2 protein chains.
Amino acid sequence: MEGPVNDLKTIEKLSRLIRYYILVSTTSAGSGHPTSSFSSVELMSTLFFGGFFKFDPAKPDHINNDRLIFSKGHASPLLYSLWAAAGMVDESQLLTLRDFNSDLEGHPTPRFKYAEASTGSLGQGLSIGFGMALSAKYIDKLPYRTYVLLGDSEMAEGSQWEALQLTSYYKLGNLTAILDVNRLGQRGETMLGRDTSVYEERIKSFGWKTIIVNGHNIEEITKAYDIAFENSDVPTMIIADTVKGKGVSFIEDIDGWHGKSLSGDQRDKALIELGKIDKGIVGKLAVPVNIKKAGQGPGPGNRDKNKDRPYKIGDLESTREAYGKALRDIYEDFPDIVVLDAEVSNSTYAKIFGDNYPERFFEMFIAEQNMVGAALGLSLRGKIPFISTFAAFFSRAFDQIRMSQYSNTNIKFSGSHCGVSIGPDGASQMGLEDIAMFRTLINCSVFYPCDAVSTKALVRLSASLKGNSYIRTTRMDTPIVYDNKESFKIGGSKILKEDSRDIITVCAAGITLHESLKAYGELLKENIHIKIIDIYCIKPIDEKTVRDASLKSKALITVEDHFPEGGLGEAICSIEGTACPVHILAVRKMPRSGSPEELMSYESISKEAIIKKVMEVINT
Amino acid sequence: MEGPVNDLKTIEKLSRLIRYYILVSTTSAGSGHPTSSFSSVELMSTLFFGGFFKFDPAKPDHINNDRLIFSKGHASPLLYSLWAAAGMVDESQLLTLRDFNSDLEGHPTPRFKYAEASTGSLGQGLSIGFGMALSAKYIDKLPYRTYVLLGDSEMAEGSQWEALQLTSYYKLGNLTAILDVNRLGQRGETMLGRDTSVYEERIKSFGWKTIIVNGHNIEEITKAYDIAFENSDVPTMIIADTVKGKGVSFIEDIDGWHGKSLSGDQRDKALIELGKIDKGIVGKLAVPVNIKKAGQGPGPGNRDKNKDRPYKIGDLESTREAYGKALRDIYEDFPDIVVLDAEVSNSTYAKIFGDNYPERFFEMFIAEQNMVGAALGLSLRGKIPFISTFAAFFSRAFDQIRMSQYSNTNIKFSGSHCGVSIGPDGASQMGLEDIAMFRTLINCSVFYPCDAVSTKALVRLSASLKGNSYIRTTRMDTPIVYDNKESFKIGGSKILKEDSRDIITVCAAGITLHESLKAYGELLKENIHIKIIDIYCIKPIDEKTVRDASLKSKALITVEDHFPEGGLGEAICSIEGTACPVHILAVRKMPRSGSPEELMSYESISKEAIIKKVMEVINT
């Protein structure tokens, strides 16, 4: 091992110091997870101070630093205490644990500068680590290693097995996971209890190297890290037999001590058991190497001859196909782009990018949870991940999507096959709640383009924005309505039809924009004028344009191929200061198979439904 | 094997007939998945017509019928064709495949009376089967068997491994799964390709018996079902080496043929290859036994002495604790109740039920996706599953939740620890998008009680309603505001404070109802009167009461411990015909650790924020 190393005796002392920090900080907070922290102390202190973990604490973003993710996020007191033992956090700061103004939150968040990502919803850390290891090996071509600390309870989450299979599939020997088998979950024994051999059998069958160790024996742990380090193509799982609450006899291996801090008296009793603490000791970390990352972006030779071919108004192209082409076309300008897809790239058209730039396209198979976690990991290593599947199937990863916002990430989601307009495949394949889902994210832009030109512009805009965004694409071909030079912005909208005689305003997006334009044409024949606004950006929504339109309209009619709850209509309803009633046309009946036209008609989001609603408003 | 059996030659003929039906129906539809159907033909025809599958077609709901779930729902043409071969669907009906008015949808739904559940979002069928097998073995104590047809691509979904582990944990030897390893996914080869030995190793390590067969050899398949049948405590996975498109040479094992029907010409060419079809043949099914299910409900001896103890106004109890007690108390009246929890029953208080009725409580460990699938299976076998975890973690199973609505199910969800008011644990544990998520479901009631009395009433109401419902509960203790005799109804609300001098109406629910009452008290001191409505039912919402209140108010102020999108505020905004502006107070800043009070204040959903907004409205 390179770098400064602390000897075994020192690591033992540091472990004792870390237990002290965990104790005093959790008792001070009055809550937290000391017992889950105690079981992992030696596993982490040996990693940190045994010369394995290479990290420059002065430069947490150093590209050659190893990465460490606490998937068992409730062991956050251990994470903070490790860095205290490394001299980077002082005891007074530890005593602010879980306070409103403290960066040491109940579960790790990036407010703590050494936390890689927000964790605490279990079963997500391995996917994040997978994304980082993928970035290191295939994109940046850097030798740093990624470590993930896992709890045993969280191995019940399916997402873990998604991550395990993809990690071995992509031969990520640069990833080492440490499984803390402390036997006890929140409300009793885990499914497998102390049976490390079953964990081993399962994890091994998923293509990993496994090593079972006594998780409190520093020598054994050291050997395990040595072995893990040697693996170049096979990820290693260190399966550690541990004791929950280890180090304090009256909480060791006892049920009922999850998520509970010790009282002041109990803490004092525990401190006596811990023995003499050397607060003067500072654990040394090994230093990272200094290697530049590989050059990014496309090589000059492989650009598609159709790249940036302009669109013609009236031509037909699905927005999903425009999405795939746009990725191909903008990559030159955004060399950090990486594209992931969940085994449907010929439907989402991410394939167009993949065919042109296979070195930047990663097949994630039908494992959406891991795909989102991977994107989070890639994003935290400076990449711009564009990830796609059917809009409906992002619901599979809502927990990972929700959590990503707490890590200040930069993930570009694209969901295809939205709404009933996909037709014959039926309800299971229809994204009807995706706008609602992505709108709940703080700071996530939600785009819903109606044609290829706006799609391309919004893909480019997404790439340029820092933060999560969602692009909703449509299965069927739709006509180009915009000129290639039209510009689109975050929080923008476009008034497509406007006249001083407008009596009603229709707000639509995507497929229903075209239905609205058809309705416009029909109504015009009757000399009825309506304003049409393309709400291509649903979040943040263009409040001013909608508000202004409401001043001169008898009503706003919103039309969307989505359930009413949380969708375009409710977004418009919630704008303060609108001056007229809002009527929401949305998918309200149980969807089913059929042709796109039949289904849009059945759900009253078609041209006819818009005309009917307009006439109703006029006649009241 | 009991019952009538078709000989091997007949099963071969039936298989050919089934292929014919698949071909003509998909070509007629112009879309669908013939190749994915072909690979499973012998696996299913042997199950059906080899005397294994015991089913009375005249009584699809017969409690002794075996159950069959097509987890690979895209093989629906095979499902319909199987029943055609059994004489229960005629060819003209098959030719309506995927039509708007046809019950033969693109993916199976219960509109087809022999489909157990809606499938098509992959990786969900095994969990549904798990729920059914659990019901058979532990609750109804019936000998029927559950079969699940799985695709190989969908084995990448983590949810599969959740279901696999729980099935063996609960020793469900009455479940047999059939894995169709046809090598090809939608856009190319699967992660494991044709490597059945890796599938075997993985599935075996999860506690299953495995049998590898040639999936087109009826004799081999017969032997495998015989072995599976003998297993009493260990579930069996039949891993079948198959050929996608089997039976038609020019589509066999060829990439690019997923989800594509043959043209008329191609169909005709294929029919020549299939050879002579005997349309006169009808496959016979074995008949089920006739055994009564075990008696349901609690025994008389084990009722809790605190059962139905009345609450006193002003007393403190968290709604989550009231939820657990209510389950215990109502079980006598709803003997079909089954309670599941995802390893947090001491937090959701489902534990109270489990401690009283352990035979009706099933630990699902930290595997929320499988828990929802299991509930779906239980519900389809006539149970009333109440399932609980932290509100935040239901996001993990949004896809399963979404899909459940397409199976006309009866699942009672309860999410605890909602909102920032959980305090120090931080954002990862806060349910802030659960109302938005559950509101998107067609026909799902969304309840959000503010005290123990209303919680108890709403739990009872949920049990009595047919259909999905969601109950949102709060971590901290809240005072009882209702009399024990108060009644609550679906679509209802309660006006808690009202006066002719009311100038503003505050709509709140759960924790914010108490903040509103505090604001009411403070404002009253200043002689400012506000109306307070407890929106305990957020979906369907009490439009009339809100509309009436709006007529006499300068504004409606909504307050919720939830993100603004898709929540209480938007639900109120979307009510047509309200007569005053609506102001939404909701969680808008990045949440974090802190005390409940600090966080509610930080997010402007506290008493002070309500008072401030009231004063703003008054002063404008």
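In which strand of chain A is Lys531(A) found? Lys531(A) belongs to strand 16 of chain A, which covers residues 530-534. The structure is a predicted model, with an ipTM of 0.97 and a pTM of 0.98. For chain A the average pLDDT is 96, and 99% of the residues score at least 70.

**Surroundings of Lys531(A)**

The relative accessible area of Lys531(A) is 6%, and the residue therefore counts as buried, the cut-off being under 20%. Its side chain takes part in the two polar contacts tabulated here.

| Side-chain pair | Polar contact |
|---|---|
| Lys531(A) and Glu498(A) | 3.2 Å |
| Lys531(A) and Asp502(A) | 3.4 Å |

Beyond its neighbours within four places in sequence, Lys531(A) is in contact with Ile495(A), Lys497(A), Glu498(A), Asp502(A), Ile504(A), Thr505(A), Val506(A) and Ala549(A).

**Interface of chain B and chain A**

How many residues of chain B are in contact with chain A? On the side of chain B there are 99, and they touch 99 residues of chain A. The area buried between the two chains is about 8000 Å², and carbon and sulfur atoms give 52% of this area. In chain B, the residues that lose the most area to chain A are Phe100(B), Met191(B) and Arg396(B), which together account for 11% of what that side buries.

Polar and charged interactions also cross the interface. The rule finds 54 residue pairs in polar contact between chain B and chain A, both residues being at pLDDT 80 or more. Helix 7 of chain B (residues 158-169) supplies seven residues, the largest share of the side of chain B that touches chain A. By residue class, that side divides into 35 nonpolar, 36 polar and 28 charged residues. The count of salt bridges between the chains is 14. One salt bridge is formed by Asp425(B) and Arg98(A), with the closest N and O atoms 2.7 Å apart.

**Ser153(B)**

Ser153(B) lies in the loop that runs between strand 2 (146-151) and helix 7 of chain B. Is Ser153(B) buried or exposed? Ser153(B) counts as buried because its relative accessibility is 15%, and the limit is under 20%. Apart from its neighbours within four places in sequence, Ser153(B) is in contact with Glu343(A) and Ile366(A) in chain A, and with Gly185(B) and Thr190(B) in chain B.

Terms used:
Residues numbered from 1 in each chain as written. Chains lettered and ligands numbered in written order. Heavy atoms only, no water. Contact = heavy atoms within 4.5 Å. Buried area = accessible area lost by both parts, 1.4 Å probe. Salt bridge = Lys/Arg side-chain N within 4 Å of Asp/Glu carboxyl O. Polar contact = N/O pair within 3.5 Å; in protein donor to acceptor, adjacent residues only side chain to side chain. Helix = DSSP H or I, 4+ residues; strand = E, 2+ residues; numbered from the N terminus. Nonpolar A, V, L, I, M, F, W, Y, C, P; charged D, E, K, R; others polar. pLDDT = per-residue confidence, 0-100. Buried < 20%, exposed > 50% of the residue type's maximum accessible area, 1.4 Å probe, protein only.
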